[in-house]
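Subject: Structure for your review

Dear colleague,

I am handing over the structure that I have been going through, and I would be grateful if you could read the notes below beside it.

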Amino acid sequence: MAGQKAVIMDADGVRRALTRIAFEITEKNKGTENLLLAGVRTRGVFLAERIAKKLGEVEGKAPPVLELDVTPWRDDKPRTDAPLPPPDPRIENATVVLVDDVLYTGRTVRAAIEAVSHAGRAARIQLAVLVDRGHREIPIRPDYIGKNLPTSREERVCVRLTEVDGEDNVVILSNET
């Protein structure tokens, strides 16, 4: 049974991290022209919407947010015979910023890159994560990080968002009983 070990970020910490990521995205891309945020379902979508809102406040126009279901491209979960989603014209020649809650092994991000590539030809793909906990199995590095959080493989990082969980925070859970 997993028990809560430590609160890493409270609601203010999550807000500050997302604000910092938004400013870094604006700076690196010289604004929000041709920018598309692709949130990895589920929590990545809500994080992308929050970042887009902040970008809208700063730049006067919020970039669109695409909900990205990476399930058909996962290599660590059973595949279904469901049809793949159709191409999305918003991706063509856009700078796509993938947004996810936690970067761990890199497999979800690899699947997200494949999902974006299937949907269109992006000018470039960047990665924003709220928490980077290390332990990569694939050579992937985020462009924007809310918090680097070295953890052991026995620990779990749990991102809680108001839209899903009724509160904003990041906690470490231990697998100890």
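The second largest pocket has a volume of about 240 Å³, where a pocket is an open set of points on a 1 Å grid over the protein atoms alone at which a 1.4 Å probe fits, with protein on both sides within 12 Å along at least five of seven lines, and where the volume is the space filled by probe spheres set on points joined across faces, edges and corners. Its lining, meaning residues with an atom within 4 Å of a point, includes Ala 11, Asp 12, Arg 15, Leu 18 and Thr 19, together with Glu 49, Lys 53, Lys 54 and Asp 168. H1 and H2 are the elements that give two or more residues to this lining, and H2 gives the most, with six. By class the lining divides into three nonpolar, one polar and eight charged residues; here Ala, Val, Leu, Ile, Met, Phe, Trp, Tyr, Cys and Pro count as nonpolar, Asp, Glu, Lys and Arg as charged, and the others, Gly among them, as polar.

Please keep in mind that this is a predicted model, in which local features need pLDDT of at least 70 and side-chain atom pairs count only at pLDDT 80 or more, while totals for chains, interfaces and linings use all residues. Residues are numbered from 1 along each chain as its sequence is written, and side-chain values use heavy atoms, with hydrogens and water left out.

The largest pocket holds about 630 Å³ of space. It is lined by 28 residues, of which Arg 74, Asp 100, Asp 101, Val 102 and Thr 108 lie nearest its centre. Helix H2 (43–59), strand E4 (95–103), helix H3 (107–119) and strand E7 (155–160) each supply at least two residues of that lining, which by class has nine nonpolar, six polar and 13 charged residues.

As for the overall architecture, the secondary structure comes to four helices and eight strands, these being DSSP runs numbered from the N terminus (helices are H or I, at least four residues; strands are E, at least two). Read along the sequence, the protein follows the pattern β-α-β-α-β-β-α-β-β-β-α-β. The radius of gyration, taken over C-alpha atoms, is 16 Å, which agrees with the value near 16 Å for a compact globule of 177 residues; the globule rule is 2.2 Å times the number of residues to the power 0.38. Along the principal axes, the C-alpha atoms fill a box of roughly 50 × 40 × 30 Å. Of the 177 residues, 47% count as buried, a term that means under 20% relative accessible area, with exposed over 50% and partly exposed in between (1.4 Å probe, protein chains only).

Helix H1 (residues 11–29) has 19 residues and reaches 27 Å from its first C-alpha to its last, close to the 27 Å expected at 1.5 Å a residue, that span being 1.5 Å times one less than the number of residues. Its buried residues include Gly 13, Val 14, Ala 17 and Leu 18. At the start of H1, a side-chain oxygen of Asp 10 reaches to within 3.2 Å of the backbone nitrogen of Asp 12, and H1 is followed by Lys 30, whose phi is positive, near 55 degrees.

Some backbone details deserve a look of their own, given that most residues other than glycine have a negative phi, and most peptide bonds are trans. A cis peptide bond, with omega about 15 degrees, joins Arg 41 and Thr 42, and Thr 42 is found in the loop between strand E2 (35–40) and H2. Asn 93 has a positive phi near 60 degrees; it is placed in the loop between strand E3 (65–68) and E4 and is exposed, with a relative accessible area of 55%. His 135, whose phi is positive and near 70 degrees, lies in the loop between E5 and strand E6 (144–148) and is partly exposed, at 24%.

Lastly, Asp 132 is found in strand E5 (residues 124–132) and counts as buried at 8% relative accessibility. The side chain of Asp 132 makes a polar contact with the side chain of Arg 136 (2.9 Å); a polar contact is a pair of N or O atoms within 3.5 Å, of which, within protein, one must be able to donate a hydrogen and the other to accept it, and residues adjacent in sequence count only if both atoms are side-chain atoms.

With kind regards
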